[in-house]
Amino acid sequence: MIKLPIYKKKKVNKIKKTDKLKVGFYGITGCAGCLLSVIFNEDEILDLLELIDLKAFPFIKQFNPDEKFDYVFLEGLVATKEDLETLQKLRNNSRYLVSLGACASTGCIPAYRHYTLKENYEHLLFKKKAALQDLEPTPIDTHVSVDYYIPGCPPNKKEIVSFIKSIAIGKHPRPYESPVCVECRKNNNQCLLDLGKPCLGPITAGGCESVCINGGFECWGCRGPTKDMNLELMIKILKQRGFDDKFIQDRMRTFVGLKLPMLENVLKKSRETV
Amino acid sequence: MEKTITLNHITKIEGHAKLALGIKHGKVTKCELSSTEGSRYFEGLVLGRHYNEAHEITSRICGICSCAHVTAAIMAIEDALQYTPTEQTKQLRRLMTLGERIRSHATHLYFLSLPDYLGYESALAMASEYKAELQHALNLIRAGNNMIKVVGARDLHPVSAAVGGWLKLPSQQQIVELKKLLIAVKKDAVKTCKLFFTLSYPKFESKAECFSLVGKNRYAILDGWFTSEKVSFNKQQYRRFLQEYQSSSSTANFVVREGHRYMVGALSRLNNNSGHLSKDAKKMLKLALNDKKLDMKLNSHNPYMNNIAQAIELVHCIDHAIEICNTFEENGIRNEPVDKIRVRAGTGIAAIEVPRGTLWHEYTINDKGIITKANIITPTAQNLLNIQEDIRQFVPNIINKKKEYIIEQIEKLIRSYDPCFSCSAHFLEVKWE
């Protein structure tokens with residue numbers, strides 16, 4: 001079962017205009033890029049924050065009281081005990097938890113560690129204080145329930161704006177379910193698969209405006225697999241273009257490895273049918 | 001009297017860090033600044049991957065300086081392949097790096113630093129009274145982001161940069177528009193300087209050596225020797241001079257220069273490169289040096305002056321970027337596809353100046369183009385020991401003040417370094433034969 005990116009439907013009472021949503025933006029282990037993606041909406045940010053009651057944002061605020069939130073946007077993945085404690089506290093304190101960006105949603109590149117050689121980093125793991133000991137790097141929905149996902153590394157800045165605008169008027173934002181290829185076609189890009197590049201656009205959820213391919217760079221799948229992806233066909237296409245199993249496996253696992261538990265079996269099957 | 005101060009979550013910095021401070025009989029008995037970010041082991045993650053995948057992975061070390069990690073990774077790999085990029089490729093890399101410096105400094109100065117000096121808890125809380133100032137910040141951030149977008153196709157984690165060139169080149173039209181935008185935001189940079197010159201900074205001298213790259217004919221960006229008042233060495237020698245070590249209380253490595261702490265960042269760059277500033281940036285520097293209240297000298301060892309240095313760099317970066325746009329306007333942009341490079345085994349090093357200081361990337365690749373070793377040293381890792389020792393040295397000056405005041409001053413000191421704990425945390429010890 002692929003969990004991503006499924007937005008759960010929940011009934012909410014309509015929010016009165018005078019009653020602004022209490023919102024918090026937090027980060028656990030990550031690169032701060034998703035939180036910056038909120039701030040870097042240079043044209044909208046000041047008006048946007050007028051729509052909500054911003055209670056906490058430790059990245060740019062000194063006072064961040066522990067209180068009950070309507071929405072918490074959380075960047076980052078669980079990599080330490082402290083991350084997990086923060087996550088659980090925020091989950092308990094918030095009506096809705098929004099997974100902001102790829103680390104929170106899929107584990108992103110840090111979770112690729114599950115698939116690399118242990119000897120690459122193992123010698124480091126046991127030296128630290130107990131409180132700082134590593135946990136297996138995992139997305140937040142491994143530990144708590146998540147109400148909304150804003151996927152992507154980094155997330156699309158415009159998607160964050162429209163998400164906040166939607167919740168401010170009591171609407172439920174919906175996920176983008178079509179693959180990257182749909183937007184890529186609209187942007188008149190030449191298909192990178194046709195040029196022999198290993199583009200993962202066909203199996204990756206869009207909403208990114210195909211920004212990488214617009215820049216000449218193939219899709220690495222950071223927004224996670226689409227619900228109805230055809231992994232077998234994707235692998236076949238890549239193999240036809242000369243990419244081997246190791247490359248395909250590494251590439252697909254870089255951003256969303258934990259969301260593709262079936263990958264090994266599908267690859268095995270593809271070897272048998274050849 | 002015994003006091004302990006523990007700051008578990010230092011706010012308004014990139015990433016997560018904490019400080020444990022012990023004071024007894026007017027003396028600092030304990031001072032431990034540690035990163036509490038989880039480790040992500042990037043140097044382990046790139047092993048076994050092809051060389052042209054390294055920059056896409058290491059970019060994720062940091063959001064605000066993603067261009068830096070992309071550029072450093074690419075340049076180190078090119079060094080390993082003994083490949084020299086074209087002048088156009090280098091100019092575009094400079095343009096992207098300058099854009100990043102502009103948006104990063106603007107974000108730090110206005111969102112992380114300024115509220116401390118104006119007595120607000122956040123920039124957002126200042127919005128009603130300081131709307132014009134916030135607008136300067138947003139204008140500068142917009143300009144920086146636009147520069148990165150024009151060159152790299154996306155403002156965070158840019159995608160068009162590649163080993164051997166650029167996957168997509170900006171159009172002449174984009175460059176013309178970019179130049180217009182840069183000319184328009186220059187006044188925001190000048191106003192930023194003037195605003196930060198009026199703030200009052202504590203008097204404090206750090207005992208650190210100030211290191212930065214020093215270029216031959218331009219203010220340091222992508223090349224030059226690693227230089228302080230005392231020594232200068234080229235990038236190939238870095239492992240002889242710089243040592244990394246771990247502390248049991250932090251997820252970040254500390255870095256020392258032959259056993260001594262040192263400082264990197266905008267202030268070090270200004271100290272070492274002031275002769276190469278643009279004309280208008282030099283004017284700003286002169287204004288700062290003549291300001292009696294500010295009491296700034298060159299070379300300055302007062303870490304609070306890093307704010308001033310960043311403000312002056314804003315003006316310089318815009319001027320330098322306009323200059324690059326001018327050459328593109330005159331000469332046009334040549335259609336240069338990404339070069340095909342013959343794969344060979346080797347080791348390559350890149351040292352570049354990024355918003356928070358000098359960034360080091362080193363990779364070894366085998367004859368199939370697979371990465372077998374990687375080492376990354378970030379600016380904050382180099383500053384970390386220095387920030388900690390500065391706090392130890394600074395606290396006795398204010399030891400009789402209230403706890404709240406001490407905390408406020410310490411946080412100001414930490415923030416003036418513009419540390420990025422996201423960057424500093426995720427590194428592992430690399431054993432080199």
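My entries cover some helices, the contact between the chains and a sheet.

**Ground rules.** This is a predicted model, where local features need pLDDT of at least 70, side-chain atom pairs count only at pLDDT 80 or more, and totals for chains, interfaces and linings use all residues. Residues are numbered from 1 along each chain as its sequence is written, while chains are lettered from A and ligands numbered from 1 in the order in which they are written. Helices (H or I, at least four residues) and strands (E, at least two) are DSSP runs, numbered from the N terminus.

**Helix α9 of chain B.** I checked the length of α9(B), residues 279-290. Its 12 residues should span 16 Å at 1.5 Å a residue, and the end C-alpha atoms are 17 Å apart, which agrees. (The expected span is 1.5 Å times one less than the number of residues.)

Next I asked which residues of α9(B) are buried. I found B:Ala281, B:Met284, B:Leu285 and B:Ala288. They cover an arc of only 100 degrees around the axis, so they sit on the same side of α9(B).

Buried means 20 or more other C-beta atoms within 10 Å of a residue's own, exposed means 12 or fewer, and partly exposed is in between; C-beta atoms are placed from the backbone. The cover over the buried residues includes α6 (172-198) and α10 (306-331) of chain B.

**Where the chains touch.** I counted a contact when two C-beta atoms, placed from the backbone, lie within 7 Å. Chain A gives 49 residues and chain B gives 52. On chain A's side, α1(A) supplies the largest share, four residues.

**A sheet in chain B.** I traced an open sheet of three strands, in the order β13-β14-β15 of chain B, with antiparallel pairing. (Strands pair if DSSP finds at least two bridges between them.) β13 (346-354) and β15 (371-377) of chain B are at the edges with a single partner strand each, so one side of each has no neighbour in the sheet. β13(B) and β14(B), residues 357-365, share nine bridges. For one of the partners, I noted that B:Ile349 is bridged to B:Glu362 in β14(B).

Terms used: Arc of directions from axis to C-beta.
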